[in-house]
Amino acid sequence: MSEINNTASNVGTAPAPGWARKLGRLWMYRPGLKFLGISLFMWVFFSAYFHLLRHPARPVTVMPLTPLDEWIAFQPAALWPYVSLWFYVGITPSLTPTLRALAAYGAWAAALCLSGLASFYLWPTAVPAQAHAIDPALAQYPGFALLRGVDAAGNACPSMHVAGAMFSLCWTHRLLLTVQAPVWTRWLNIVWFLLIAWSTVAVRQHVVLDVLGGALLGAAFAALSLRFGPALQGSRYH
C-alpha cells in the first residue's frame, strides 16, 4: 500500500483533464493480443483449478462457519457481482501500456494463482454442505444451475475469487492514480471489489473464512507486485 500512497503523492489529488482519453488510448493498444492473452491465462488456470477440484490429492477439510456466515443471507441477485469478476480482473491488463508491462503483470498474476493452486493441492478444503445448500425454488434463478454444475463446493480456502479481486483492486487503484482519474472512479473500484467479496458468500460458494484467506493472499501479492513489478508508465499516460 505504500507504493499506492507514493504514487498518489506524485500525481497529486486533482483529476487531470483528459483522463478518460488516456484510458481510451491504453485500451486501444493491441486489444486483440491482450484479449487472447487474458483468455489463454484463464483457460490454463481453470484447467488446473477444475482438475484439483475433481481430484483432490488429500482428504478434504470442511471449512467452519462463523456467525457472520449466518448473518449474510443467500441473495440470488448476488450472482451478477459474482460473475462480474471475469470482467473486473481484465481491467488492468487491458490497460497496460506496453507488452513488457503486460508480461510482467501476467507473471505476478500467475504467481498468485499458482500459490492458490498449491494450497488446494496441499490442503483441499470445501464449503459445508449446509452452507452450500440453497432453497430449490431460489436455485431456479438463471445461472445458478450452471454455476453449481461447474463450480462445486471444493477449492474453498483461500477464495481465489476474492484473491483475484483484491489483486485487481490494488492494481486498478494504482492505474487510476497514474492517469489522475477523479476520486469517484477510485470509490467505484472499491465498491466493486466489496460487492464481489460479499457475493461469494451470498451465493453460497464460499464462507467468510475463505473470503478472509483470499483477501490476505491477494493483498500480499498485490503489495509485492506493486513494489517490485512493472511500472505503469509510458507515453500513452500523457
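Helices here are DSSP runs (H or I, at least four residues), numbered from the N terminus. The model is predicted: local features need pLDDT of at least 70, side-chain atom pairs count only at pLDDT 80 or more, and totals for chains, interfaces and linings use all residues. Residues are numbered from 1 along each chain as its sequence is written, and side-chain values use heavy atoms, without hydrogens and water.

**View 1. The largest nonpolar core holds 47 residues.** A nonpolar core joins buried Ala, Val, Leu, Ile, Met, Phe, Trp, Tyr and Cys residues through side-chain atoms within 4.5 Å; buried means under 20% relative accessible area (1.4 Å probe, protein chains only). Y49, Y88, L112, M160, F167 and F193 touch the most other members. Helices supplying at least two residues each include helix 3 (31-54), helix 8 (99-122) and helix 12 (183-202). Helix 11 gives the most, with 11 residues.

**View 2. Contacts around Y88.** Leaving out residues up to four places away in sequence, Y88 touches A165, S168, L169, N189, W192, F193 and I196. Contact means heavy atoms within 4.5 Å.

View 3. A pocket is an open set of points on a 1 Å grid over the protein atoms alone, where a 1.4 Å probe fits, with protein on both sides within 12 Å along at least five of seven lines; lining residues have an atom within 4 Å of a point. Of the 24 lining residues, W27, F87, G90, I91 and L95 are closest to the centre. Helix 3 gives the most to this lining, with 6 residues.

Definitions and conventions. Buried means under 20% relative accessible area, exposed over 50%, partly exposed in between (1.4 Å probe, protein chains only).
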